[in-house]
Amino acid sequence: MKTDSMDDFANADQAAQLVLSRTSLRPRVGLVLGSGLGAFADSVSGATRIPFADIPHFPASTAPGHAGQMVIGEVEGSPVVVMQGRVHFYEGYTPQQVIYPVRVMARMGVKALILTNAAGGISSGLKQGGLVVLSDHINLQGVNPMMGGNDDRLGLRFFDMSEAYDPEYRKQALAAGKKLGINISEGVYIAVSGPSYETPAEIRAFRTLGADVVGMSTVPEVIAARHMGIKVLAISCVTNLAAGISKQPLSHAEVLETGERVKGDFMALIRAVLPGIAGGV
């Protein structure tokens, strides 16, 4: 896939047209499912499933726990497009390739994006299996996906990120979580490149910077979405406590196991907030 941003519009439009040709639905809400959270896509009704390999210019997901397919169907009566899996910077992709699926969803007509991820808990009050609604982020991946030429058809060269995570969506998610009795809070996500987990010293530094959870995804997609004027809700599942906080060695198996254990809470929360988000776009 070419990484010149001047090709992004045409490539994303071609991919969007192929996806839309496979379904009569026209979703305005998109979801991206992180490690261990892909089960939500299995609950989509009347689903059309398209492997990433069938979509033009689409990068392939190689991380365990990422099925690598686009699912279009209905949830709570609302048409949605769901990314069952994502690609990451650590897989060797360029930042532009990482955000390409978001570009495609935008060309499909998506106006609101719900992003999920598996994250390490940094704040002392967080517990394994808890959900965190993101209020802000710190980008320590060392790259910004908007670097390079800018296509004004996609968005402005310089754009505001002061409310990257929509305040109303956050309020709805927190209220829904509390009503459902879910262990839910709000916090700041810090993004690193991975794939190695962080050292205890890095986690101490991240806590000093004001981070509550740490992960290896999400931030490039948020930047791309805001560049195109898409509203964002992002939710982290605390699948493990970060290095130096937990006394156990960190492993991806633990991430997937925790995702499986809390999928009921996660699915209930998404189903609760989706009608309100879909009704406003």
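This is a predicted model: local features need pLDDT of at least 70, side-chain atom pairs count only at pLDDT 80 or more; totals for chains, interfaces and linings use all residues.
**View 1. Packing of helix 2 against helix 5.** Helix 2, residues 95-108, and helix 5, residues 219-227, have axes 9 Å apart and pack at an angle of about 40 degrees, and the two helices are therefore oblique to each other. The crossing in which helix 2 passes helix 5 is right-handed.

**View 2. Residues at the contact of helix 2 with helix 5.** From helix 2, Val98, Ile99, Val102 and Arg103 meet Pro220, Glu221, Ala224, Ala225 and His227 of helix 5. The residues of this contact divide into 6 nonpolar, 1 polar and 2 charged.

**View 3. The aromatic cluster of Phe52, Phe58 and Tyr100.** These three residues form one aromatic cluster, in a model where the count of aromatic pairs comes to 3. The ring centres of Phe52 and Phe58 lie 4.8 Å apart with the planes at 45 degrees, so this pair is tilted, and both Phe52 and Phe58 are buried.

**View 4. The pair of Phe58 and Tyr100.** Here the ring centres are 5.8 Å apart and the planes stand at 70 degrees, so the pair is edge-to-face, planes over 60 degrees apart being counted in that way. Because Phe58 lies in the loop between strand 2 (45-51) and strand 3 (69-75) while Tyr100 belongs to helix 2, the pair ties together parts that are 42 residues apart in sequence. Phe58 counts as buried at 11% relative accessibility, and Tyr100 is buried with a relative accessible area of 0%.

Methods
Residues are numbered from 1 along each chain as its sequence is written. Side-chain values use heavy atoms; hydrogens and water are left out. Axes are lines fitted to C-alpha atoms, for helices over the stretch in contact, and angles run from 0 to 180 degrees between N-to-C directions. Helices (H or I, at least four residues) and strands (E, at least two) are DSSP runs, numbered from the N terminus. Angles under 35 degrees count as roughly parallel, over 145 as roughly antiparallel, 65 to 115 as roughly perpendicular and the rest as oblique. A crossing is left-handed if the near helix is turned anticlockwise from the far one by less than a right angle, and right-handed if clockwise. Contact means heavy atoms within 4.5 Å. Ala, Val, Leu, Ile, Met, Phe, Trp, Tyr, Cys and Pro count as nonpolar, Asp, Glu, Lys and Arg as charged, and the others, Gly among them, as polar. Rings of Phe, Tyr and Trp (its six-membered ring) pair if their centres lie within 6.5 Å; planes under 30 degrees apart count as stacked, over 60 as edge-to-face and the rest as tilted. Buried means under 20% relative accessible area, exposed over 50%, partly exposed in between (1.4 Å probe, protein chains only).
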